[in-house]
Amino acid sequence: MDIQSKLTVGLLCMGLTLPLAALAAGKGDHGHDAAVSIGEPGRASEVSRTIKVVMRDTAYLPVSITVKKGETIRFSIRNAGELVHEFNIGTAAMHAEHQKEMMKMVESGALEADRLDHSKMEQGSGGMSHDDPNSVLLEPQKSGEVIWKFTADAELEFSCNVPGHREAGMVGAIQIRK
């Protein structure tokens, strides 16, 4: 099955009918707004607990997470779906910006419905290395982790910014307790 067919099937399975021409993204800092602090990369030696996150093709399990301000969490993430998915910590505005960048990855061929073209990502065209410490992009049946220290009081969420996935329900809340 070619990429257009896979994307169409993937989007239709999620109840979406976005045209491929609409699947584009932007260059930059993966939606990071320097004016908004969302925390900082955590150190493995400071992890206070591990939260397991499972990504399915239209949802996360769990759907919300509660952390304490100052806590360092290891997110152990598994993509149990048939499509590429992302776990990205940020604000709603950051996710909106990052969605544009992810769409550009689709247009360039670096991000396909069910796989990543690592050679195109390594070429760095458009800043598409996707190596931010608050995010992991995983192919189907792959696992990864994010270690994050929650130092801010910002309203945060985790989201999959692959085109159409957030809209299909792949977004969850992060509550920060003092």
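Which residues does Phe 75 touch, not counting residues up to four places away in sequence? Hi everyone, let's start there. Phe 75 touches Ile 51, Val 53, Ile 65, Phe 87, Ile 89, Gly 144, Glu 145, Val 146, Trp 148 and Phe 150, where a contact means heavy atoms within 4.5 Å.

A quick word on what we're looking at. This is a predicted model, in which local features need pLDDT of at least 70 and side-chain atom pairs count only at pLDDT 80 or more, while totals for chains, interfaces and linings use all residues. Residues are numbered from 1 along each chain as its sequence is written, and side-chain values use heavy atoms, with hydrogens and water left out.

Now, the core. The largest nonpolar core has 33 residues, and Phe 75 is among those with the most contacts inside it, along with Ile 77, Phe 87, Ile 89 and Phe 150. By nonpolar core I mean a set of buried Ala, Val, Leu, Ile, Met, Phe, Trp, Tyr and Cys residues joined through side-chain atoms within 4.5 Å. Buried is under 20% relative accessible area, exposed is over 50%, and partly exposed is in between, using a 1.4 Å probe and protein chains only.

On to the sheet. It is open, with five strands in the order β4-β10-β9-β6-β7 and mixed pairing. Because β4 and β7 stand at the edges with a single partner strand each, one side of each is left without a neighbour in the sheet. Strands here are DSSP runs of E, at least two residues, and helices are runs of H or I, at least four, numbered from the N terminus; two strands pair if DSSP finds at least two bridges between them.

β4 pairs with β10, residues 171-177, in the parallel sense over five bridges, and Thr 66 has Gln 175 as its bridge partner in β10. Thr 66 sits on the uncovered face of β4 with Ser 64 and Lys 68, whereas Ile 65 and Val 67 form the covered face. In a regular strand, side chains alternate between the two faces of the sheet.

Finally, Phe 158 lies in β9, buried at a relative accessible area of 0%.
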